[in-house]
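Welcome to this tour. Open your viewer, keep the selection tool at hand, and follow the stops one by one.

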Amino acid sequence: DAQIEREKQVYSISGGCTALTVVYLLGKLYVGNAGDSRAIIIKNNEIISVSAEFTPESERQRLQFLGYMQPQLLGNEFTHLEFPRRVQRKEVGKRMLYRDFTMNGWAYKTIEDEDLKFPLIYGEGKKARVLATIGVTRGLGDHDLKVHDSNIYIKPFLSCIPEVKVYNLMQYEHGTDDVLVMGTDGLWDILTNEEVAEAVSTFLSNCDVNDLHRYTMAAQDLVMRARGVLRDRGWRISNERLGSGDDISVFIIPLMYGNRQP
């Protein structure tokens, strides 16, 4: 992340990205995730989650604590407190539910003028945003990203530090259909872990077990399932639901080779 910051001026690079990486070392998989991509392991029809997404909702308390400790980062335009909805001026002096970094649940407070500021975290699910700008809280780059029409930088709230989970390959015997699936949020926005596992298992079972391209083709199948087909009203998947409008990158990696002694 520091190298990106140094080089962005030289190469005129703007923007940023999330990062999901898996390192195989001495019989173990080290899964590092910074962002909203996801990795799962499908083993004997069992789903094992080996990463967790970092979003404004999942990292609410870290972000709110930072805003509380360094209020200058909020530029006198935002509040670190969260409310169920936008506070209106007519509600000053009334009681409303709120929460801050110390709380898992909600409590009541009397609304003050300070609470009329836009919340640091606003929205729910995929629509949740940090400083009304970005929907992911870890990743690389975005050093120059600012709140629209202001000088408030987003970068202090974005962490480049990944969460690392370890999966010991040597503890299990893996068959030819046991795989690691890595995908960007464009895949997981549309398909659940269970839908991905069922699609991969079905596809692999219908392939020649000696065909080494079967894993690549299974990954391509997942991309097509999440994208859908082009219709008059855009890309559609089953039941006429919208397909993914985000980027979709998928890796499917067989685990059977990890059974061998390093």
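**Stop 1: the largest pocket**

Begin by selecting strand 2 (19-25), strand 14 (179-183) and helix 3 (185-188): each of them supplies at least two residues of the lining of the largest pocket. Helices (H or I, at least four residues) and strands (E, at least two) are DSSP runs, numbered from the N terminus. A pocket is found on a 1 Å grid over the protein atoms alone, as an open set of points where a 1.4 Å probe fits, with protein on both sides within 12 Å along at least five of seven lines; lining residues have an atom within 4 Å of a point.

Before going on, a word on what you are looking at. This is a predicted model, in which local features need pLDDT of at least 70 and side-chain atom pairs count only at pLDDT 80 or more, while totals for chains, interfaces and linings use all residues. Residues are numbered from 1 along each chain as its sequence is written, and side-chain values use heavy atoms, with hydrogens and water left out.

Back to the largest pocket: its volume is about 530 Å³, meaning the space filled by probe spheres set on the grid points, which are joined across faces, edges and corners. Now select T18, D36, S37, T184 and D185, the closest to the pocket's centre of the 27 residues that line it. Colour the lining by type and you will find nine nonpolar, eight polar and 10 charged residues. Here Ala, Val, Leu, Ile, Met, Phe, Trp, Tyr, Cys and Pro count as nonpolar, Asp, Glu, Lys and Arg as charged, and the others, Gly among them, as polar.

**Stop 2: S37**

Zoom in on S37, in the loop between strand 3 (28-34) and strand 4. Is S37 buried or exposed? S37 counts as buried because its relative accessibility is 5%; buried means under 20% relative accessible area, exposed over 50%, and partly exposed in between (1.4 Å probe, protein chains only). Leaving aside residues up to four places away in sequence, S37 touches T18, L20, S51, E53, G183, T184 and D185, where a contact means heavy atoms within 4.5 Å.

**Stop 3: strand 14**

Next, show strand 14 with its side chains. In a regular strand the side chains alternate between the two faces of the sheet. Which residues of strand 14 are on each side? V179, V181 and G183 are on one side, L180 and M182 are on the other, and all are buried.

Strand 4 runs antiparallel to strand 14, and five bridges join them; two strands pair if DSSP finds at least two bridges between them. Select I40 and you can find its bridge partner in strand 14, V181. Strand 17 (residues 250-254) also runs antiparallel to strand 14, joined by five bridges, and there V250 stands opposite G183.

**Stop 4: salt bridges**

Side chains of opposite charge can pair when their charged atoms come close. How many salt bridges does a search of the whole structure find? The search finds 16, each being a side-chain nitrogen of Lys or Arg within 4 Å of a carboxyl oxygen of Asp or Glu.

- Select E53 and R38, whose closest N and O atoms are 2.6 Å apart in a salt bridge. This pair links distant parts of the chain, 15 residues apart: E53 is in the loop between strand 5 (46-49) and helix 2 (60-69), and R38 is in strand 4 (residues 38-43). E53 is partly exposed at 22% relative accessible area, whereas R38 counts as buried at 16%.
- Select R60 and E82, whose salt bridge is 3.8 Å from N to O. R60 lies in helix 2 and E82 in the loop between strand 6 (78-79) and strand 7 (95-98), so the pair ties together parts that are 22 residues apart in sequence. Both R60 and E82 are buried.
- Select R62 and E59, which meet at 2.9 Å, N to O. R62 is partly exposed at 30%, while E59 is buried at 6%.

**Stop 5**

Most residues other than glycine have a negative phi, and most peptide bonds are trans. Select S12, in the loop between helix 1 (2-11) and strand 1 (16-17): its phi is positive, about 55 degrees, and S12 counts as exposed at 66% relative accessibility. N44, in the loop between strand 4 and strand 5, also has a positive phi, near 55 degrees, and counts as exposed at 64%.
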